[in-house]
Amino acid sequence: MRFQPQPLTPFRSARHFYGAELRRCREEAGLSLAQLSGVVSAGKSTLARIETAEIMPPPGLSSQLDAAFGTDGHFVRLYDLARREAHPDQYRRYMDFEREAVGVAHSAVQLLPGVLQTEAYARAIFRTAAEANDEVVEERVAARLARQQRMRGTDVPRLWVVLDEAVISRPVGGAAVMAEQLACLLAYSAHERVNIQVAPFSMGGHYLLGGSLTLLELPSGRHLAWEEGVEVGRLYEEEGEVRGRRLIYDVLRANSLSLTESAALIRRTMERFRL
């Protein structure tokens, strides 16, 4: 079957314009995707997905494209614009990366990361949304539980979680829901590939009080960061930006309670909810 190029939408975003320009220059040069992949350090499928704006160009590719097409920094400048753009679909892209990650590190100051939430805890959270009705809530709960399937399989990623003490102290859904949630958290902490720490109130302020941070390690060794506030999230793919957030996370982790101390605090809190 003859390859049929997908239609482009160059004016939807800077990333879409980058992809359209890549196809334009490639076709003007008379190169197929396979031929271009022999010139630059990206495979045919990667180049195809960049053209349709399905993925961001990997770092370093833009300068190679400029050299291949003689475009005098055109793609480098486009990449600099595209990587700073807030993409409406970046959460979907983050989810794609999360599914393949071999290492995941979370920090949370208000709510447990979705991957660790019980069904009752997740339901209590989703019910707080202004537009929530029973059908919407149950759809979101089902989606949340589906994300957790990997944690029950054989390819569990290395997971490190730092929770602000507020996360385990806030009675989300009531005392019974919280007691069950903390018991589940203790069960997770016993897994050999899962580490859970608590940043105690006695620590005082820290940089990540304003939102949550997730760090991903991909099978290729590449690292990404996802930073999220109340309504806005952003995916960081640039090495320098990710490195800075890894350092912030490492400082928080180093100043948190040890794994043993954290488990003890979670257990004491759970017992208070059971009273």
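**Close-up views of a predicted model**

View 1. Cys184 counts as partly exposed because its relative accessibility is 23%; buried means under 20% relative accessible area, exposed over 50%, and partly exposed in between, with a 1.4 Å probe and protein chains only. Cys25, at 6% relative accessibility, is buried. Thr118 is buried too, with a relative accessible area of 8%. The structure holds 0 disulfides, a disulfide being a pair of cysteine sulfur atoms within 2.5 Å.

A note before the next views: this is a predicted model, in which local features need pLDDT of at least 70, side-chain atom pairs count only at pLDDT 80 or more, and totals for chains, interfaces and linings use all residues. Residues are numbered from 1 along each chain as its sequence is written, and side-chain values use heavy atoms, with hydrogens and water left out.

**View 2. The whole chain.** The C-alpha trace spans about 75 × 40 × 35 Å along its principal axes. Of the 275 residues, 45% count as buried.

**View 3. The loop at Thr118.** Thr118 lies in the loop between E1 and helix H7 (119-126). Leaving out residues up to four places away in sequence, Thr118 touches Glu180, Gln181 and Cys184, where contact means heavy atoms within 4.5 Å.

**View 4. The six-stranded sheet.** Follow the strands in the order E3-E2-E1-E4-E5-E6: they form an open sheet with mixed pairing, two strands counting as paired if DSSP finds at least two bridges between them. E3 and strand E6 (233-236) stand at the edges with a single partner strand each, so one side of each has no neighbour in the sheet. On average, neighbouring strands are turned by 10° against each other, direction ignored; axes are lines fitted to C-alpha atoms, for helices over the stretch in contact, and angles between N-to-C directions run from 0 to 180 degrees.

View 5. Strand E5 (residues 223-228) runs antiparallel to E6, and 4 bridges join them. Look for Glu227, whose bridge partner in E6 is Arg234. Helix H6 (residues 90-100) packs on the sheet, touching strand E1 (103-108), strand E4 (212-217), E5 and E6, and its direction makes about 50° with that of E6.

View 6. Strand E2 (residues 158-164) pairs with E3 in the parallel sense over 6 bridges. Trp160 stands opposite Asn195 in E3. E3 (residues 194-199) is mostly covered, with 5 of its 6 residues buried.

**View 7. Two nonpolar cores.** A nonpolar core is a set of buried Ala, Val, Leu, Ile, Met, Phe, Trp, Tyr and Cys residues joined through side-chain atoms within 4.5 Å. The largest one has 40 residues, and those touching the most other members are Leu159, Leu163, Ile168, Leu182, Leu185, Ile196 and Ile266. Helix H10 (residues 175-189) gives the most to this core, with 7 residues. Zoom in on Ile266: apart from its neighbours within four places in sequence, Ile266 is in contact with Ile168, Leu182, Leu185, Leu186, Ile196 and Val198. A second, separate core of 19 residues includes Cys25, Phe75, Leu78 and Tyr79.

Definitions and conventions
Helix = DSSP H or I, 4+ residues; strand = E, 2+ residues; numbered from the N terminus.
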